[in-house]
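Let's take a friendly walk through the inside of a protein.

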Amino acid sequence: LSFSLFSQQKNNPTAQLGVLDLSSWDLESDGMIPLNGSWKFYWNELYNPVDYGANKSNPSDYYSVPKLWNDHIVNGEKLSSNGYATFQLVVIGNFNGENLALTIPDMYSSYNLWIDGKLIANNGIPGMNKESTTPHWIPYTKPFNVEKDTISLLLNISNFHHKKGGIKDPIWLGTANQLLAKRHTEVSANLVQIFGLLLLFALSILEYFYYNRNKIFMFFSLFSLTWSIRGLFTNMYLMNFWLPEFSWTVGTKIEYLTLYITLLLGVQIVGKMYAEHANKLARYVSHIVNGIFIIITLLAPTTLFSQLLNTYFIFAGLFMTYVIIVIM
C-alpha cells in the first residue's frame, strides 16, 4: 500500500538557476513543498533587498539548497564553516491573493529572510565577523500574503560560532493552514515527550523511596529528567522560542551536555540492572569518556566542542553495542 500511494504522488519541482516554477503545482491539493534546488549564491556578501536590487553582478555560484557550505568550492577555494553569504530564489506560481506560509528551520548560525523586500523572519544577527554576529536557533512558521504570482526570497546566513555553516534542512512553502497545523502537531509532540519523561522522573523518585532507595530507580529518574531537559534545547528549541533572550551559548552547551549525561546514566542503569553480566571496566571507561566530553563542553567555546561530536558518536556507538550485548 505504501508503494502504491508513493507512486501516485507528483514529483516535487526543484529550483533551477535561482528560479522555482510552481505554475503546475497547487498547494491546496498537491500539498506543501520544499524550496529545494539551485539558488543564486553570493559568497562574502550580505545583501539587503535595496542593495540586491541595485547590484547587477552575477552570483558567485548556484548553490544546491539545503546543504551546508562546509567544503563547498567557490572560485577554486574550499570554504570552511566560518563565513557569510546571500542566497536568492524566485518562486513562480498561481499565488495571487493567497494566504501562504513558510516553515523555516534553524540555520547555522544566524540569518535574515526577506520576502518581496519585507523581512519575514530572522534568527540572531548575521554579520561579517564573529564580533558583529549573534547566533540563535528557533524554527519558525511565518504566514504571509501574496499579491502577485511571483515570490522573491532573499536570505542572509552568517556563521562564526559553530562547526557547521549554512542551511541543513529545507525551507517549506505551503498554505498558512497547512504549515501552522504541522507546527502545532510538532510542538505538541515535543511537549508530550517532555511531560512524559517528567512523569517517569516523578514515578521513579517514588519507586526509589518505596524500594529502599534502590539506585536503579535513582539513575532512571535522572536519565528521564536529563532527557526531558534536552527536549527543550533541541529539535523545536522550545526554550529559545519561549525565552528569545536566552543565551545561545548556554543553550548549545545544555544540548550537548544532556546527550553525554543520558548515555552515561544509561550505561550505569544497565550495569546496575544486570550486575552479574555487566563489565565494570566498560562502566569505568564510559564514566571517563563522558566525563572528558562533559568537561570540554563546559570549558571550551562552541567552535571547539561542536567539532568533537562526530568523534563522540563513535564512542556512543560502542557503548550502545555494549548495552545491547549485556541485555541480550
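A residue is called buried when its relative accessible area is under 20%, exposed when that area is over 50%, and partly exposed in between. Keep in mind that the model you see is predicted.

Try the rule on F217: its relative accessible area is 23%, so F217 is partly exposed. Y211 has a relative accessibility of 44%, and therefore counts as partly exposed. In contrast to this pair, Y42 and Y47 are buried.

**How rings meet**

How many aromatic pairs does the structure have? The count comes to 21. Two of these pairs are set out below.

| Pair | Distance between ring centres | Angle between planes | Arrangement |
|---|---|---|---|
| Y42 and Y47 | 5.4 Å | 80 degrees | edge-to-face |
| Y211 and F217 | 5.4 Å | 15 degrees | stacked |

Why is the pair of Y42 and Y47 edge-to-face? Planes over 60 degrees apart count as edge-to-face, and the planes of Y42 and Y47 are at 80 degrees, so this pair gets that name. Planes under 30 degrees apart count as stacked, and the 15 degrees between Y211 and F217 therefore make them a stacked pair. Rings can also gather in a group: F41, W43, Y63, W69 and F87 form one aromatic cluster.

**The nonpolar cores**

In soluble globular proteins, nonpolar side chains tend to be buried together. Here the largest nonpolar core has 40 residues. Within this core, the residues with the most contacts are L35, F87, V91, L102 and L173. Several strands each supply at least two residues of the core, including β3 (37-43), β8 (83-92), β9 (99-104) and β13 (150-159).

To see this packing up close, find L173. Leaving aside residues up to four places away in sequence, L173 touches L22, L27, M32, I33, L35, V91, F95, L100, A101, L102, F144 and L179.

**A space inside**

Rolling a probe the size of a water molecule over the atoms shows where empty space is left. A search of the whole structure finds one cavity of 30 Å³ or more, and the volume of the largest cavity is about 50 Å³. Its lining is made up of W137, F233, Y237, N240, W248, G251, T252 and E255. Which helix gives the largest share of that lining? Helix α7 (residues 248-273) does, with four residues. Sorted by class, the lining has four nonpolar, three polar and one charged residues.

Terms used:
Residues are numbered from 1 along each chain as its sequence is written. This is a predicted model: local features need pLDDT of at least 70, side-chain atom pairs count only at pLDDT 80 or more; totals for chains, interfaces and linings use all residues. Side-chain values use heavy atoms; hydrogens and water are left out. On a 1 Å grid over the protein atoms alone, a cavity is a set of points where a 1.4 Å probe fits but cannot get out, and a pocket is an open set with protein on both sides within 12 Å along at least five of seven lines; lining residues have an atom within 4 Å of a point. Grid points are joined across faces, edges and corners, and a volume is the space filled by probe spheres set on the points. Ala, Val, Leu, Ile, Met, Phe, Trp, Tyr, Cys and Pro count as nonpolar, Asp, Glu, Lys and Arg as charged, and the others, Gly among them, as polar. A nonpolar core is a set of buried Ala, Val, Leu, Ile, Met, Phe, Trp, Tyr and Cys residues joined through side-chain atoms within 4.5 Å. Buried means under 20% relative accessible area, exposed over 50%, partly exposed in between (1.4 Å probe, protein chains only). Contact means heavy atoms within 4.5 Å. Rings of Phe, Tyr and Trp (its six-membered ring) pair if their centres lie within 6.5 Å; planes under 30 degrees apart count as stacked, over 60 as edge-to-face and the rest as tilted.
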